[in-house]
Amino acid sequence: SSEGSVEKEKTLALIKPDGVSGNYTDGIKRVILESGFSILRETIVQLDEDKAANFYAEHSSRTFFSSLIKYMTSGPVLVMVLEKENAIADWRGLIGPTDARKAKITHPHSIRAMCGLDSEKNCVHGSDSALSAQREMSFFFKEMSSDEVVPTHDELSD
Ligand code: RTP
Ligand code: MG
């Protein structure tokens, strides 16, 4: 940031099982690159119940939780780390609202409008905050430890 370049931000993007099995992966990656993101990391994972429940732990008390875990473990997902200026908000904007049926009406060019089905099967995930992004990136990519984005005490006291 002190060298005149634009401060970049990272976020976690995930193509859910319906997106992968529906062959939307290439089209979504094209949209990602055309929208100015770099794809820094990429891996295909088959989530088990424990891992899916941990990933969506914030929703564990919701009525849709067991259905969400069944959905997220129904096939492989493609996990990516995206980077660009304002990546977290811009990726959330690009995917559109949670309910893909609503997305088709209000955000017809969004990714969920293109490949999602309803309020559950919405084909993609995006981190909703800097804290979530850091947690989710280190969840899938162990080498992306939190000290990469959280300033150390020494840096803060300068
Ligand atoms: P995500 O975390 O996957 O990016 O989605 P989001 O922020 O737009 O929505 P969130 O409230 O975090 O919900 C997580 C995922 O749970 C499923 N869901 N099902 N049946 C339902 O009413 C319902 N509501 C949410 C969706 O797959 C949603 O993306
Ligand atoms: Mg969410």
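Q: Which residue types count as nonpolar, charged or polar here?
A: Ala, Val, Leu, Ile, Met, Phe, Trp, Tyr, Cys and Pro are nonpolar, Asp, Glu, Lys and Arg are charged, and the others, Gly among them, are polar. This is a predicted model, in which local features need pLDDT of at least 70 and side-chain atom pairs count only at pLDDT 80 or more, while totals for chains, interfaces and linings use all residues. Residues are numbered from 1 along each chain as its sequence is written, and chains are lettered from A and ligands numbered from 1 in the order in which they are written.

Q: OK, what surrounds ligand 1?
A: The shell (C-beta atom, placed from the backbone, within 6 Å) consists of His-59, Phe-64, Leu-68, Thr-98, Ser-119, Glu-120, Asn-122, His-125, Gly-126 and Asp-128.

Q: And how does that shell divide by type?
A: Two of its residues are nonpolar, six are polar and two are charged.

Q: Which other strand is joined to E1?
A: Strand E3 (residues 77-84) runs antiparallel to E1, with seven bridges joining them, and Glu-9 stands opposite Lys-84 in E3.

Q: Why is E1 called largely enclosed?
A: Six of the seven residues of E1 (residues 9-15) are buried, so the rest of the structure largely encloses this strand. Buried takes 20 or more other C-beta atoms within 10 Å of a residue's own, exposed 12 or fewer, and partly exposed lies in between, with C-beta atoms placed from the backbone.

Q: Switching topic, where is Met-114?
A: Met-114 lies in helix H7 (residues 111-115), and it counts as buried because it has 20 C-beta neighbours inside 10 Å.

Methods. Helices (H or I, at least four residues) and strands (E, at least two) are DSSP runs, numbered from the N terminus. Two strands pair if DSSP finds at least two bridges between them.
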